[in-house]
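Dear colleague,

Please find below the structure that I am handing over to you, with its sequence. My notes on what was found in it follow directly after.

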Amino acid sequence: MNLNLTHWRVELEADGIAIATLDKAGESANSLSAAVMAELSQILDAFDQQAPKGLIFRSGKDAGFIAGADIEEFTQLDTPEKSVALVSRGWKLFNRLAEVKYPTLALVRGHCLGGGLELALACRYLLAVDEPGTKMALPEVMLGIFPGWGGMLRLPERVGPAAAMDMMLTGKSIDAKRAKKMGLADDCVPPRVMEPAARQLLLSGQPRRPLPLMQRLMNGPLKSVVANGARKQVAKKARPEHYPAPYAIIDIWAKHNGNALAAPEVVNRIISSPTARNLVRVFFLQERLKSFGKASDFKAKRVHVIGAGVMGGDIAAWCALRGMTVTLQDQSLERMGPALQRAHKLFTKKLRDPLKARAAFDRLIPDVNGDGVPHADVVIEAIFENVEAKHALFKSLEPRMKPEAVLATNTSSLKLEDLRTVLQRPERLVGIHFFNPVSMMPLVEVVEAEGADPVAVQSACAFVRQIDKLPLPVKSAPGFLVNAVLAPYMLEAMRAVDEGISPETVDEAMLAFGMPMGPIELVDTVGLDIAMAAGQQLAGGAQAPKCLLKRVEQNQLGKKSGQGFYAWNAGKPTKGQAGNAPAGLATRLATPLIERAERLVAEGIVADAELADAGVIFGTGFAPFTGGPLNYRKSV
């Protein structure tokens with residue numbers, strides 16, 4: 001075919017099947033920019049003139065199928081007309097694709113997200129390649145927008161409204177096997193047979209599996225029932241004033257059959273909202289954190305973790321889950337028992353396949369004698385917070401380690417400059433500070449001491465990315481970034497309790513502000529004894545709140561003891577009714593956090609305001625719709 005294309009390659013094979021391969025120029029991943037979409041329109045024009053026997057869409061990238069729309073283009077939507085035009089472009093083009101007379105198939109290998117899945121849904125067939133990287137999702141809600149290129153129409157028709165709403169309102173991803181089981185994919189095949197399987201399915205004439213009667217009713221006469229149920233579920237997790245997009249998805253599906261162009265005022269309200277603007281900003285902040293892992297080609301195969309407590313054990317389990325061979329050291333096998341039990345639960349939950357879970361468990365090796373040290377590419381110390389104990393450990397570790405291996409501490413409160421004095425090469429010690437629970441918290445602070453070896457710091461960042469976490473470079477200082485901003489925030493919340501405001505009222509004020517958890521519940525979760533110690537170190541000599549002192553004296557330490565500010569049952573706090581919060585309470589409580597973040601930027605503990613915002617969002621859950629604490633202060 002004689003088409004002048006930059007991003008697509010189109011081959012017409014001898015049997016009449018056309019292969020359209022998307023290989024976006026100058027990018028490592030495919031996205032559906034205006035130029036890519038215009039070329040797709042050209043391809044469909046050509047096939048309108050001379051139809052192929054069938055058309056297969058595939059990716060020319062190792063990274064995956066299509067990552068979605070080009071997010072950069074969202075930042076240029078500064079008028080209502082531009083917002084509507086963006087939605088219209090994809091909606092009309094994918095409707096056109098869905099209506100072609102010849103069979104079409106999306107061969108999905110690797111990530112297939114947002115607009116990429118909407119393109120695949122517009123094809124007659126979707127063939128998923130069964131490998132770990134294959135993930136399908138409509139994650140637009142996480143950017144504060146909606147899947148406006150046909151996802152809200154076709155996904156409910158394909159998998160039923162309940163499963164479709166679950167995907168669209170959470171942004172969760174589906175693997176290849178699950179996609180086949182739920183009817184999203186027509187089939188799921190291993191990579192070695194994907195080419196012949198694609199051709200066979202394309203020309204099979206196979207009809208789509210029909211939806212069960214109840215699902216068809218829910219997508220028709222019973223739509224309002226589904227929509228009401230979905231609104232109630234969303235309301236439990238997101239307030240409409242903070243996150244309007246999930247409510248818009250429900251309304252556009254229920255009232256306009258997924259066609260956002262039928263409600264142009266909703267399109268403009270959602271796309272131009274501060275929430276969408278800030279969540280797009282958070283997306284780019286996340287990409288910036290990811291970029292720190294690209295400065296080095298360091299790759300770890302073996303990890304050794306010393307200390308099988310909650311943090312050390314869970315760090316070891318996470319590394320094994322991510323494919324590394326991990327040796328976990330403590331004083332006895334008995335001390336490692338709880339960590340190994342938690343690891344087994346993690347592997348079972350995350351991998352779902354018993355064979356894969358078993359393989360992960362086999363990669364996690366109890367190692368009382370520390371035999372893994374000489375073979376490890378990364379050695380992580382996660383013992384109790386005591387300088388002398390860490391000195392003794394580092395002294396024994398260093399002579400046994402590979403010269404190029406990363407030596408890291410998971411300390412949350414001690415200065416690296418004080419810990420490394422016993423090392424022959426003190427510049428090699430870095431901090432790799434995880435947050436609890438390790439499996440849920442995406443951020444890891446990579447701590448650089450004065451005069452640290454830049455290669456060691458870059459290798460640590462690369463390792464953090466390798467295990468699918470977000471590295472945030474910070475300087476060595478008490479509390480680094482995240483704990484340093486949380487301490488004054490929790491302190492101010494407990495001072496409010498000292499003044500007679502109930503813990504429930506304090507927590508509710510910050511939930512209404514947009515925090516994922518109230519500060520008093522956070523203190524209970526962290527542990528009142530930990531909060532007391534952190535406060536003494538990070539609050540600049542401020543007196544501990546009376547409500548904290550009293551409970552610690554009574555050994556009411558929070559969640560771990562079953563009683564703190566709240567009584568805890570089965571891992572959940574029992575709360576009374578929140579009262580009316582005094583005017584300005586949320587602002588009062590957030591202000592110390594924001595001011596501390598500003599100070600840490602000024603002092604160079606974190607490089608700039610963007611990274612401070614990224615760290616506080618991904619390390620504390622600070623209301624993402626605000627764009628971060630410093631962005632929030634600027635906006636108000």
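Arginine 363 has its place in helix H16 (residues 354-363); helices here (H or I, at least four residues) and strands (E, at least two) are DSSP runs, numbered from the N terminus. This is a predicted model, in which local features need pLDDT of at least 70 and side-chain atom pairs count only at pLDDT 80 or more, while totals for chains, interfaces and linings use all residues. Residues are numbered from 1 along each chain as its sequence is written, and side-chain values use heavy atoms, with hydrogens and water left out.

To continue with arginine 363: at 23% relative accessibility this residue counts as partly exposed. Buried means under 20% relative accessible area, exposed means over 50%, and partly exposed lies in between (1.4 Å probe, protein chains only). Not counting residues up to four places away in sequence, arginine 363 touches Ala320, Leu321, Gly323, Met324, Thr325 and Val326, where contact means heavy atoms within 4.5 Å. Arginine 363 and leucine 155 are 208 residues apart in sequence, and their C-alpha atoms are 38 Å apart in space.

Leaving aside neighbours within four places in sequence, serine 59 is in contact with Thr21, Leu22, Asn30, Gly64 and Phe65. From serine 59 to alanine 128 the separation is 69 residues in sequence and 13 Å in space, C-alpha to C-alpha.

I turn next to the interior. In soluble globular proteins, nonpolar side chains tend to be buried together. A nonpolar core is taken here as a set of buried Ala, Val, Leu, Ile, Met, Phe, Trp, Tyr and Cys residues joined through side-chain atoms within 4.5 Å. The largest such core has 161 residues, and those with the most contacts inside it are Phe57, Leu117, Leu119, Phe146 and Leu184. Helix H20 (residues 482-498) gives the most to this core, with 10 residues. Apart from this core lies another, of 43 residues, among them Leu321, Ala343, Ile380 and Ala408. As for leucine 119, its contacts beyond four places in sequence are Leu32, Leu40, Phe57, Phe65, Ile66, Phe94 and Leu97.

The charged pairs come next. A salt bridge is a side-chain nitrogen of Lys or Arg within 4 Å of a carboxyl oxygen of Asp or Glu, and a search of the whole structure finds 41 of them.

- Aspartate 78 and lysine 82 meet through their side chains in a salt bridge (2.9 Å, N to O). Aspartate 78 is exposed, with a relative accessible area of 57%, whereas lysine 82 is partly exposed, at 39%.
- Arginine 199 and glutamate 195 form a salt bridge with their side chains (3.8 Å, N to O). Both lie in helix H8 (residues 194-202), four residues apart, about one turn of the helix. Glu195 and Arg199 also belong to a network of salt bridges that links them with Glu13 and Arg58.
- Arginine 288 and glutamate 610 are joined by a salt bridge between their side chains (3.1 Å, N to O). Arginine 288 lies in helix H13 (residues 274-291) and glutamate 610 in helix H26 (residues 609-620), so the pair ties together parts that are 322 residues apart in sequence.

What did the search for disulfides give? A disulfide is a pair of cysteine sulfur atoms within 2.5 Å, and by this rule the count comes to zero. Cysteine 112 is in no disulfide, and the nearest cysteine sulfur, that of cysteine 123, is 9.5 Å away. Cysteine 112 is buried, with a relative accessible area of 0%. The sulfur of cysteine 188 is 14 Å from the closest cysteine sulfur, in cysteine 112, which is too far for a bond. Cysteine 188 is likewise buried, with a relative accessible area of 16%.

Finally, the surface. Leu213, Met214, Leu217, Leu222 and Val225 make a nonpolar patch of about 440 Å². Patches are made of residues with over 30% relative accessible area and no salt bridge, like charges being joined within 9 Å and nonpolar side chains (Val, Leu, Ile, Met, Phe, Trp, Tyr) within 5 Å. Accessible areas come from the Shrake-Rupley method with a 1.4 Å probe, and for residues only the protein chains shown count as cover. Helix H9 (residues 213-218) supplies the largest share of the nonpolar patch, three residues. Valine 225 is found in helix H10 (residues 223-235) and is exposed, with a relative accessible area of 57%.

With kind regards
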